[in-house]
Amino acid sequence: MARNRLIAALAGLVLPVEGSSSGGTAHTVRLARRLGRPVWAVRWPGAGGLARILEGEGILALDPFSPADLRRLAETLAGLSPPPRRGPIRLDL
């Protein structure tokens, strides 16, 4: 779980590719949302149930074969700025 907290705290955007609703990926997603990080999901046959669950929570699901979705992701990434540096990051969320 410490690794998931670090990933969520250091990420500018979280883009899970596969996972289950109760695994480490889902934990990272929950922490990233608490920290205000953008979260997208990847929708593909091997993604498991995570993409559907995230879509139900209002998280954007990306179709990796859709040029429009890839363009939207690129625009989102281009607009990101690094997280503000305000001293130590709390990892005990």
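**A salt bridge and its setting**

A: Asp69 pairs with Arg72 in a salt bridge, and their closest N and O atoms are 3.4 Å apart (the rule asks for a side-chain nitrogen of Lys or Arg within 4 Å of a carboxyl oxygen of Asp or Glu). This is a predicted model, in which local features need pLDDT of at least 70 and side-chain atom pairs count only at pLDDT 80 or more, while totals for chains, interfaces and linings use all residues. Residues are numbered from 1 along each chain as its sequence is written, and side-chain values use heavy atoms, leaving out hydrogens and water.

Both partners, Asp69 and Arg72, sit in helix H4 (residues 67–79), 3 residues apart, or about one turn of the helix (helices are DSSP runs of H or I, at least four residues, numbered from the N terminus). By this rule, the count is 1 salt bridge.

How confident is the prediction? The chain averages a pLDDT of 78, and 76% of the residues score at least 70 (pLDDT is the predictor's confidence in each residue, from 0 to 100). Where pLDDT is low, the predicted coordinates should not be read in detail.

Methods: Helices (H or I, at least four residues) and strands (E, at least two) are DSSP runs, numbered from the N terminus.
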